[in-house]
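The sequence and the structure come first.

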Amino acid sequence: MSTEQAAGNLVAVTIGRRPEPVHTVAVYAFDGMAPFELGVVVEVFGLARPELGGLLAAPWYGLKVCADRPGTPLAAVGGFSITAEYGLDELAAADTVIVVGVPNPFGGAGEHPGRRAGGVSPGLVAALRTAHERGARIVSICSGAFALAAAGLLDHRTATTHWRYAELLQQRHPLVTVDPDVLYVDDGDVLTSAGSAAGIDLCLHLVRRDHGAKVANTVARRFVVAPHRDGGQAQFIEAAVKPVEEEDDGVARSMQWALAHLSGPLTVPLLARQARMSDRSYLRHFTARNGTSPMRWVVTQRIAASLPLLESPDGTVEEIAAAVGFESAATFRHHFGRTMRTSPTAYRRTFGRTAA
């Protein structure tokens, strides 16, 4: 990636060409975009991954940033510009196509000359349809779902978008079943995510699908984020930002201790003791800090710890359940199904070959 000084205080960022990769990820850039979502895609799919070492069974992704008019600077929110070197032909030919937003979901076509309602260009719609017909994986982040819907790719499917846009997406595209309460929806060849940060969750999910949990967890560690978040975007609607208090250090200490003792019994009193708090105070501070309860968080960590074990051919589901701290295989299967939307056996069948 190269950076050049442009007129005034604008900076033009140009994504350079790379050799043709095994799996090409193309992301759509547009005039007036917020750069965060694009940055997420670049961070996950565009960086070299020396930290993966010998974990990869196939080369890492190759990234192409595409636009309606390649080579033309696109203004980004914040006072700089982005120049995409690739056009819509490359977008339509990619293995995975990601749309990170549309210019104005609430606006009509008249506010964006040459665009449909919601700021979706006819060229993008055509490229999405072509890519989908070819068998490409189509992905949206945040308001990008409006582009997928405009191309007809969400008809008779369940999809999500940012909670602010969910009602509008449902009204504008009644054939789509909009779920406003989840972080992302995996419908096989078409995947959609909620607001900006949920794009991280979905991109890590794509890595997990392609390369397995060990690789996805390693990428998440470099990102300094959880490899899998529990719950949905409903917890972020109208949620007040809590001030950081000194007692929060006790919560962090208890979480580190829990991660080192996942295989043993974990209860609120045990965690509260590690945090040097009363049970009631611990529940309050933990929920304010993490947006979920201590025991739901523990379940999520145990599920995450089970993924690399399931990818290995060693150990039965019963043995893995015990190794990560579940009381029984039945309890493990119940929580795994709620969190991962599949069974431990099905997950092993899908990802075991990658780990092997």
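Helices (H or I, at least four residues) and strands (E, at least two) are DSSP runs, numbered from the N terminus. The model is predicted: local features need pLDDT of at least 70, side-chain atom pairs count only at pLDDT 80 or more, and totals for chains, interfaces and linings use all residues. Residues are numbered from 1 along each chain as its sequence is written, and side-chain values use heavy atoms, with hydrogens and water left out.

The buried residues of helix 3 are L124, V125, A127, L128 and A131. They cover an arc of only 165 degrees around the axis, so they lie on the same side of helix 3. The arc is that of the directions from the helix axis to the C-beta atoms. Buried means under 20% relative accessible area, exposed over 50%, and partly exposed in between (1.4 Å probe, protein chains only). Just after helix 3, G135 has a positive phi of about 100 degrees.

These buried residues pack against the elements below, where contact means heavy atoms within 4.5 Å.

| Element | Residues |
|---|---|
| Strand 3 | 24–28 |
| Helix 2 | 88–93 |
| Strand 7 | 96–99 |
| Strand 8 | 137–140 |
| Helix 4 | 145–150 |

An open sheet of 6 strands has the order 4-3-7-8-12-11, with mixed pairing. Its edge strands, strand 4 (62–66) and strand 11 (184–186), each pair on one side only. Two strands pair if DSSP finds at least two bridges between them. Strand 7 and strand 8 run parallel and are joined by 4 bridges; V99 has S140 in strand 8 as its bridge partner. Helix 3 packs on the sheet, touching strand 3, strand 7, strand 8 and strand 12 (190–193), and its direction makes about 150 degrees with that of strand 7. Helix 6 (residues 198–211) also packs on the sheet, touching strand 8, strand 11 and strand 12, and its direction makes about 150 degrees with that of strand 12. Axes are lines fitted to C-alpha atoms, for helices over the stretch in contact, and angles run from 0 to 180 degrees between N-to-C directions.

**Cysteines and overall make-up**

A disulfide is counted when a pair of cysteine sulfur atoms is within 2.5 Å; the count is 0 disulfides. C66 is buried, with a relative accessible area of 0%, and C203 is buried at 1%. The protein has 14 helices and 12 strands, and buried residues make up 48% of its 356 residues.
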